[in-house]
Amino acid sequence: MKVAIIGAGNMGGALARGLAKGSRIATDEIFVANPSTPKLEALKREFPDINTTTENGVAAAAADIVVLAVKPWKVEAVLNEIKPQLDYTRQAVASMVGGLTIAQLGAYLDKGDGQLPATYIIIPNTAIATLSSMTFIASARSSSEADDSLLEVFNELGEAMLIEESAMAAATSLASCGIAYALRYVRAAMEGGVELGIRADEAKRIVMQTLRGAVDLLEANNSHPEAEIDRVTTPGGLTIKGLNAMEAAGFTHSVIEGLRASTKR
Ligand SMILES: NC(=O)c1ccc[n+]([C@@H]2O[C@H](COP(=O)([O-])OP(=O)(O)OC[C@H]3O[C@@H](n4cnc5c(N)ncnc54)[C@H](OP(=O)(O)O)[C@@H]3O)[C@@H](O)[C@H]2O)c1
């Protein structure tokens with residue numbers, strides 16, 4: 001599968017690097033377009049077989065799937081530029097652009113003849129840079145075989161899930177905004193550790209390994225979080241005192257309110 005990535009910034013660059021490290025797409029089947037050259041040169045230095053160009057049309061024409069990784073306000077101009085060269089019977093268009101819907105993408109892609117390509121909304125999170133993204137894919141006008149191939153590609157960059165577009169806001173609240181929320185927990189726990197006399201760098205290592213342990217336990221035991229919590233909450237013990245103090249300060253309520261707030265534009 002030949003992939004063109006339009007925009008070599010944070011997301012486009014991370015996607016290109018992830019694909020190049022993975023096994024599903026040959027490096028010489030990755031085409032990256034960007035108006036300025038420094039990011040393209042950096043990609044080329046890391047992966048000499050990646051194809052880079054400053055011409056969006058050149059990258060798009062070569063691809064089975066064109067992935068848009070530009071800022072939202074650039075999408076219309078980029079699609080106006082490349083759509084005359086796109087063959088909708090064999091090429092799919094995917095968007096990583098925050099907030100762009102399948103309907104909006106279809107409106108931009110319309111050539112006036114009623115034909116539209118297979119279209120995807122792909123929303124990874126920033127952990128795509130470390131191949132540990134939680135990526136959501138919503139599709140329109142595509143075959144289930146094509147959806148499965150795309151899922152396999154993104155499963156190599158972390159974990160990917162095919163969802164209805166209507167669930168995208170909730171899913172990205174959990175996973176894309178969720179990265180920030182998880183990091184706020186890390187920061188809060190570090191600050192607590194420092195107040196209790198642990199050095200900040202040590203507190204960070206401790207919190208990170210503790211979170212890894214919690215995730216590993218959930219995966220290894222395929223358990224509900226409360227079952228793992230029960231294992232560490234001795235009746236009358238310290239952990240339940242801590243949990244109850246956190247809940248009295250609104251822990252669960254704060255998390256849910258944060259998630260709800262980040263689904264509203
Ligand atoms: N960052 C995130 O966490 C995240 C998560 C999910 C989705 N997204 C979405 O991903 C998209 C890209 O975000 P980003 O953080 O990667 O932004 P970014 O780092 O600013 O990257 C955008 C890239 O697009 C290039 N560009 C500008 N005009 C272009 C054009 N006409 N044709 C082709 N490329 C062009 C820019 O090149 P120059 O620098 O040379 O101008 C830049 O390299 C956004 O729509 C965002 O909503 C981001």
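1. Let's start at the ligand: one of its nitrogen atoms has a polar side-chain atom of Lys74 at 3.5 Å. A polar contact here is a pair of N or O atoms within 3.5 Å. Taken alone, the ligand exposes 900 Å², and the protein buries 76% of that; accessible areas come from the Shrake-Rupley method with a 1.4 Å probe.

2. Before you go on, keep in mind that this is a predicted model, where local features need pLDDT of at least 70 and side-chain atom pairs count only at pLDDT 80 or more, while totals for chains, interfaces and linings use all residues. Residues are numbered from 1 along each chain as its sequence is written, and side-chain values use heavy atoms, leaving out hydrogens and water.

3. The side chain of Ser36 places an N or O atom 2.4 Å from an oxygen atom of the ligand. With Val70, a backbone N or O atom lies 2.7 Å from a ligand oxygen atom.

4. Which residues come nearest to the ligand? They are Met11, Asn34, Ser36, Lys39 and Val70, out of 22 residues around the ligand (near means a heavy atom within 4 Å). This shell has eleven nonpolar, eight polar and three charged residues, with Gly counted as polar.

5. Finally, zoom out to the chain. Its domain assignment gives domain 1 (3–163) and domain 2 (171–261), with centres 35 Å apart, taken over C-alpha atoms. Eight residues from domain 1 and five residues from domain 2 take part in the contact, meaning heavy atoms within 4.5 Å.

Key: A polar contact is a pair of N or O atoms within 3.5 Å; within protein, one must be able to donate a hydrogen and the other to accept it, and residues adjacent in sequence count only if both atoms are side-chain atoms. Domain bounds come from an automatic or database domain assignment.
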